[in-house]
Amino acid sequence: MTSIRRLQMKGMGPGEISGPALRITVRVSNYTDTAISIDSAVVNLTDSKGRVGTPYAGSPARPLAGTIDAGRKATGVYVFSVKKSARSPITVTVTYEPGAETALFVGNAS
């Protein structure tokens with residue numbers, strides 16, 4: 001995970017609610033000798049109350065997708081609805097494909 005930013009979002013799609021949100025930027029590096037697909041990448045956020053963050057599909061979200069060539073990196077942006085009172089701490093998990101190791105990040109985003 002490279003950064004967390006606080007922002008206000010306007011709900012536009014089904015299930016999206018206007019309000020406080022967090023923009024999470026993640027970077028995946030391919031240290032192997034072959035290209036890897038990140039089309040199945042999953043990024044989740046859980047707030048300090050144990051609630052799963054509701055994702056926003058619209059801008060500025062830009063999920064990981066495609067293939068990462070050997071020795072290269074890819075960046076994705078995820079936006080989750082998170083109440084201001086539930087940001088200390090948050091937990092973010094990142095998995096680039098089913099069965100792969102999951103990266104776990106825990107910290108305050110208030």
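How many helices and how many strands does the protein chain have? In this predicted model, in which local features need pLDDT of at least 70, side-chain atom pairs count only at pLDDT 80 or more, and totals for chains, interfaces and linings use all residues, the protein chain has zero helices and nine strands. Residues are numbered from 1 along each chain as its sequence is written, and side-chain values use heavy atoms, with hydrogens and water left out. Helices (H or I, at least four residues) and strands (E, at least two) are DSSP runs, numbered from the N terminus. From that terminus on, the elements run β-β-β-β-β-β-β-β-β.

The overall dimensions were examined next. Along its principal axes, the C-alpha trace spans about 45 × 25 × 20 Å. The accessible surface comes to about 6,600 Å², and carbon and sulfur atoms account for 49% of this area, as computed by the Shrake-Rupley method with a 1.4 Å probe; for residues, only the protein chains shown count as cover. Of the 110 residues, 33% count as buried, a term that denotes under 20% relative accessible area, with exposed meaning over 50% and partly exposed in between (1.4 Å probe, protein chains only). Among contacts (heavy atoms within 4.5 Å) between residues at least 6 apart in sequence, 65% join residues at least 24 apart.

Strand pairing was then considered. Strands of a sheet pair through backbone hydrogen bonds, either parallel or antiparallel. Two strands are taken to pair if DSSP finds at least two bridges between them. An open sheet is formed by four strands in the order S1-S2-S7-S5, with antiparallel pairing. Strand S1 (3–9) and strand S5 (54–56) stand at the edges with a single partner strand each, so one side of each is left without a neighbour in the sheet. On average, neighbouring strands of this sheet are turned by 35° against each other, direction ignored; the axes are lines fitted to C-alpha atoms, for helices over the stretch in contact, and angles run from 0 to 180 degrees between N-to-C directions. Seven bridges link S1 and S2 in the antiparallel sense, and Arg5 stands opposite Arg23 in S2.

Further pairing involves S8. Strands S4 and S8 pair in the antiparallel sense over five bridges, with Thr95 in S8 as the bridge partner of Val42. S8 is also joined by five bridges to strand S9 (residues 103–107), and the two run antiparallel; here Ile90 stands opposite Gly107 in S9. Val92 lies in S8 and is buried, with a relative accessible area of 0%. The C-alpha atom of Val92 is separated by 8.8 Å from that of Asp47, 45 residues apart along the chain.

A nonpolar core is a set of buried Ala, Val, Leu, Ile, Met, Phe, Trp, Tyr and Cys residues joined through side-chain atoms within 4.5 Å. The largest such core has 19 residues, and those with the most contacts inside it are Ile24, Leu45 and Leu64. Two or more residues each are given to this core by strand S2 (19–29), strand S4 (42–46), strand S7 (73–81) and strand S8 (90–95). The largest share, four residues, comes from S2. Neighbours within four places in sequence aside, Leu64 is in contact with Val26, Val28, Ile38, Ala41, Ala74, Thr75, Gly76 and Tyr78. Apart from this core lies another, of five residues, among them Met9, Ala21, Ala61 and Val79.
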